[in-house]
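This briefing concerns a predicted model.

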Amino acid sequence: MTAYAALLRAVNLGKGSILPSAELKAIGEACGFCQVKTFIASGNLLFVSDRNESEVAVEVASGVERYFSKPVAVLVRSAADLAEIVSHNPFPEDPGNRVVVFFLPRIAKVEMVDAATGGGQERIALRRRELYIAYGEGMADSKLKLPVFREGTGRNINSVSKMAALLADLE
């Protein structure tokens, strides 16, 4: 059995994208996952399953699509993945609420960063299937745009750390 986090893209950001935590938890339970819980109301489903990452991603995506009647990107990482992501934070000196881990459905490549526009003081680092973005003074005034933003979803490192700890308790 493996503990996983399923991270939904663009959920609970406005009209037409609201998915209450109780509904998200019910989707996880309907998938047959164990020890299902949610973490903050931004589309984070934590659970244990004997299925592999690809299989659980398909299951969660199907359940969420049934709920919204449209597809929603779902990025899945194991407890070990999240622990590694936290431990490899290239910006540990920055406030955790200003460092975002952007989860990708594929391997991160330098070309993704090269395609950035509008950036200012942001710093970006690549790691396997993630981008780390340090926003300096904060995201509110950032004009950074990356085409790859359409493919994945981001969580600040504080949230990723907390989910890693919660998943460690599930294993």
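In this predicted model, the residues that line the largest pocket divide into 11 nonpolar, 6 polar and 2 charged. The aromatic pairs number 4, and two of them are described below.

**Largest pocket**
- The largest pocket holds about 500 Å³ of space.
- Its lining consists of 19 residues, of which Val100, Met139, Thr153, Gly154 and Arg155 are the closest to the centre.
- At least two lining residues are supplied by each of strand 5 (99-103) and strand 8 (153-156).
- Strand 8 gives the largest share of this lining, with 4 residues.

**Phe33 and Phe47**
- The rings of Phe33 and Phe47 are stacked, at 4.0 Å centre to centre and with 10° between the planes.
- Phe33 belongs to the loop between helix 1 (21-30) and strand 2 (34-38), while Phe47 belongs to strand 3 (residues 44-49); the pair therefore ties together parts that are 14 residues apart in sequence.
- Phe33 and Phe47 are both buried.
- Together with Tyr4, Phe33 and Phe47 form one aromatic cluster.

**Phe102 and Phe149**
- The pair of Phe102 and Phe149 is tilted, because the planes stand at 55°, with the ring centres 4.9 Å apart.
- Phe102 lies in strand 5 and Phe149 in the loop between strand 7 (130-134) and strand 8, so this pair ties together parts that are 47 residues apart in sequence.
- Phe102 has a relative accessible area of 7% and is therefore buried, the cut-off being under 20%.

**A charge over a ring**
- Lys70 lies over the face of Phe68, at 6.0 Å from the ring centre.

Definitions and conventions: Residues are numbered from 1 along each chain as its sequence is written. This is a predicted model: local features need pLDDT of at least 70, side-chain atom pairs count only at pLDDT 80 or more; totals for chains, interfaces and linings use all residues. Side-chain values use heavy atoms; hydrogens and water are left out. On a 1 Å grid over the protein atoms alone, a cavity is a set of points where a 1.4 Å probe fits but cannot get out, and a pocket is an open set with protein on both sides within 12 Å along at least five of seven lines; lining residues have an atom within 4 Å of a point. Grid points are joined across faces, edges and corners, and a volume is the space filled by probe spheres set on the points. Ala, Val, Leu, Ile, Met, Phe, Trp, Tyr, Cys and Pro count as nonpolar, Asp, Glu, Lys and Arg as charged, and the others, Gly among them, as polar. Rings of Phe, Tyr and Trp (its six-membered ring) pair if their centres lie within 6.5 Å; planes under 30 degrees apart count as stacked, over 60 as edge-to-face and the rest as tilted. Buried means under 20% relative accessible area, exposed over 50%, partly exposed in between (1.4 Å probe, protein chains only). A charge sits over a ring if NZ of Lys or CZ of Arg is within 6 Å of the ring centre and within 35 degrees of the ring normal.
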